[in-house]
Amino acid sequence: MRTSSFDPELPEELIQEDFAEFLRRCHQCGQCSSVCPSLRNGGIRPREVMERAITGTFELETDRSIWLCTMCNGCSERCEMGVNPAGVINALRRLSAQRGGAPDHLLSEVKLFKETGLAFPRTRLTSKLRGELDLEELEVDADTQDELDLIVKRTSMGRLPVER
Amino acid sequence: MRDELHLFRGCLIPTRLPFLEKSSRRVLEALRVEVEDLPGATCCVEPIGMRSMAPDTWLAVTARMLSIAESAERDIVTLCNGCYLSLKEAHHLLQDRGREEVNRTLGEMGRHYGGGSEVFHLLDLVRQRREELMSSLVREMEIDLAIHPGCHLSRPSSVVDAEGPFRPGNLAEVAGWTGAGIAHRQDWPSCCGGGLSGVDDELSHSIFKETVWDFLEAGAEAILTPCPFCFVQFDSKQRELPVLYLSELLALSMGLDGEEIGLQHHRVKPGL
């Protein structure tokens, strides 16, 4: 494992992203960090993530902090340069997920989504409550599931390493 | 907003919080909204965790649902901040790019995204029908509320057409129509920590506590939110304050019985 790194492909890869038009305008002012609820509580440090992403020194294999973002979008809203740190974090997550780095919790969610079309499980309690409230049973029909299967197959979710 | 709408319920409400679906349906009925469940609905590929792992999947899944509404010549109303941002951001992005690729996939199932349907949140809908709503409210809600809009109702403001990211007032305005008092409003919509639940519970809880602390300090008697994710956080991770979802406050103010809309299923009982 590298202890210091320079990965010239990373900033190049990020600059290809749709959102990255303004990426190199980041002048490390730290306004992203000033509004970050995760940073205040010991999680991600958006300004540092930006610095490492732009300089190609973000270690995708070892830095887990990108998964500690709540996606509140405060950083991107606050950034006066239009740099979109939340978009950068999303892109780093995608690259990390492709290398098998996503947290188990999110991988189970993907698995459930692929199998049922929903991100939360239908349980016995679901049916009981819906019955009591006089609501119809919740269903994802077979045709819908087929269409979902096709989309997953044609897009990157189908290639995500979901089992470890 | 068209008069004919598709209701997109998402996943969390119909599976875990069906009582929020119940009160929402009752409010839509009372407002005489011509609404039909979105046929062929799936999860929106929620924009907090799942979307970041496979953004092209998110775009195709959301474009598929938008195309279904489009062929029925209906707009979409969502009950969840996550679904709202997910569909709205896809619609926003597809105005500039990605359309051809998405339509190649959709074409294989006989569908086509052309951008003909708009996406609204329940909060948008009730604000647009202010007159009908006001005339259906019969009960003065004597309760001081902490107003919690949730992140994705106003950020990114370039996508969700919010009234602006600083001190949003729409939810507080609707609360005021019911006669409720406003004990606390956020200048910068704060985070409930829900996005990290299951990923890092300790961090999630510590973000959550910051938000709730402000409400308690301000003397709120209950929390009002239009987001089911925030709802779950508030209802399951603290005991001091009950939480009301937007449609619950409105249904109560319309004179509906708390038990009929399932208030007894809250963990922290609202006592209303």
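How many of the 14 residues of helix α6 of chain A are buried? I looked it up: 13 of the 14 are buried, so I note α6(A) as mostly covered. Buried means under 20% relative accessible area, exposed over 50%, and partly exposed in between, with a 1.4 Å probe and protein chains only.

**Ground rules**

I am working with a predicted model, where local features need pLDDT of at least 70, side-chain atom pairs count only at pLDDT 80 or more, and totals for chains, interfaces and linings use all residues. Residues are numbered from 1 along each chain as its sequence is written, chains are lettered from A and ligands numbered from 1 in the order in which they are written, and side-chain values use heavy atoms, with hydrogens and water left out.

**Helix α6 of chain A**

I checked the length of α6(A), residues 85-98. At 1.5 Å a residue, its 14 residues should span 20 Å, and the end C-alpha atoms are 20 Å apart, which agrees. The expected span is 1.5 Å times one less than the number of residues. Just after α6(A), I found Gly100(A) with a positive phi of about 80 degrees.

**Chain A as a whole**

I listed nine helices and zero strands in chain A. Both kinds of element are DSSP runs numbered from the N terminus: helices are H or I with at least four residues, strands are E with at least two. Why do I call chain A more spread out than a compact globule? Its radius of gyration is 19 Å, well over the 15 Å that the globule rule gives for 164 residues. The radius is taken over C-alpha atoms, and the rule is 2.2 Å times the number of residues to the power 0.38. Along its principal axes, the C-alpha trace spans about 55 × 30 × 30 Å. Buried residues make up 52% of the 164 residues.

Most residues other than glycine have a negative phi, and most peptide bonds are trans. I looked for exceptions. Gln28(A) has a positive phi near 60 degrees. I placed Gln28(A) in the loop between α1 (9-16) and α2 (31-34) of chain A. Gln28(A) is partly exposed, at 27% relative accessible area. Asn73(A) also has a positive phi, of about 70 degrees. Asn73(A) sits in the loop between α4 (46-55) and α5 (74-78) of chain A. At 10% relative accessibility, Asn73(A) counts as buried. Pro156(B) is in the loop between β5 (144-147) and α9 (157-160).

**Thr225 of chain B**

I found Thr225(B) in strand β7, residues 222-225. Is Thr225(B) buried or exposed? At 0% relative accessibility, it counts as buried. Its side chain reaches the backbone oxygen of His148(B) at 3.1 Å. Leaving out residues up to four places away in sequence, Thr225(B) touches residues including Leu171(B), Phe231(B) and Tyr245(B). Contact means heavy atoms within 4.5 Å.

**Nonpolar cores**

A nonpolar core is a set of buried Ala, Val, Leu, Ile, Met, Phe, Trp, Tyr and Cys residues joined through side-chain atoms within 4.5 Å. The largest has 132 residues, and those with the most contacts inside it include Leu92(A) and Val126(B). Helix α4 of chain B, residues 55-71, gives the largest share, nine residues. Apart from this core lies another of seven residues, among them Leu68(A) and Leu196(B). Beyond four places in sequence, I traced Val126(B) to contacts including Val27(B), Trp177(B) and Leu250(B).

How values were computed:
Polar contact = N/O pair within 3.5 Å; in protein donor to acceptor, adjacent residues only side chain to side chain.
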